[in-house]
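Here are my notes on this model, for you to read with the structure open. Take the points in order and check each one by eye.

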Amino acid sequence: MDDMDRKILAELQQDGRLTVTELAARVRLSVSPCHRRLRELERAGAIRGYRAVVDPAAVGLTFEALVFVSMRQEDRDTVAGFERAVGEVPEVVEAQRLFGEPDYLLRVVAADLAAYQRLYDERLATLPGVQRLTSTLVMKHVVKDRPLPA
């Protein structure tokens, strides 16, 4: 990974829809070497994919909560069962296993408080191995979807 690769990544994080020609012009490289570098970044896994960033409010998801999960036990089977089950809940848009207490942090979206309560009661509280759930409601995003530093 050199400075040119970092420039390519910085540009693509700002606009993932750039054509190779546009990208090459922005990083001041000819098209062929830019294309080779781009394919190598993809092959090496530095670029994991391309996607649209959707505004949750535009699709009716105006409620967001951070849910802290404490597990009853943390043996391999319980952890695997929890992680498998949480991966099947579409409203969980991020899930992170943590060191210390709590054991997991989930970022959950819903249409409104009533929809979140149903999700909490029917899905989250019934996830395997859960001892306690603690929710914190998101007031506003101060930093969101920031590109990684170059």
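1. Start with the surface. The protein exposes about 10,300 Å². Carbon and sulfur atoms supply 51% of that area. Keep in mind that this is a predicted model.

2. Now look inside. How much of the protein is buried? Buried residues make up 31% of the 150 residues. Here, buried means under 20% relative accessible area.

3. Next, the charges. The protein carries 22 positive and 23 negative side chains. The centres of these two sets lie 5 Å apart.

4. Trace the fold. There are five helices and four strands. Along the sequence they run α-α-α-β-α-β-β-α-β. The protein is more spread out than a compact globule, because its radius of gyration is 20 Å, well over the 15 Å that the globule rule gives for 150 residues.

5. Taken along the principal axes, the C-alpha atoms fill a box of roughly 55 × 35 × 25 Å.

6. Which part carries a domain annotation? The UniProt record, an unreviewed entry, gives "domain: HTH asnC-type" for residues 1–62. Over residues 1–62 the chain is 53% helix and 0% strand. The end C-alpha atoms of that stretch are 39 Å apart.

7. Finally, the contacts. Consider those between residues at least 6 apart in sequence. Of these, 63% join residues at least 24 apart.

Methods
Residues numbered from 1 in each chain as written. Predicted model: local features only at pLDDT ≥ 70, side-chain atom pairs only at ≥ 80, totals over all residues. Heavy atoms only, no water. Helix = DSSP H or I, 4+ residues; strand = E, 2+ residues; numbered from the N terminus. Rg over C-alpha atoms; globule rule 2.2 N^0.38 Å. Buried < 20%, exposed > 50% of the residue type's maximum accessible area, 1.4 Å probe, protein only. Contact = heavy atoms within 4.5 Å. Areas by Shrake-Rupley, 256 points an atom, 1.4 Å probe, with all protein chains shown as cover. Lys, Arg positive; Asp, Glu negative; His and termini not counted. Charge placed at Lys NZ, Arg CZ, Asp CG, Glu CD. UniProt positions renumbered as here; feature names shortened; annotations may be inferred.
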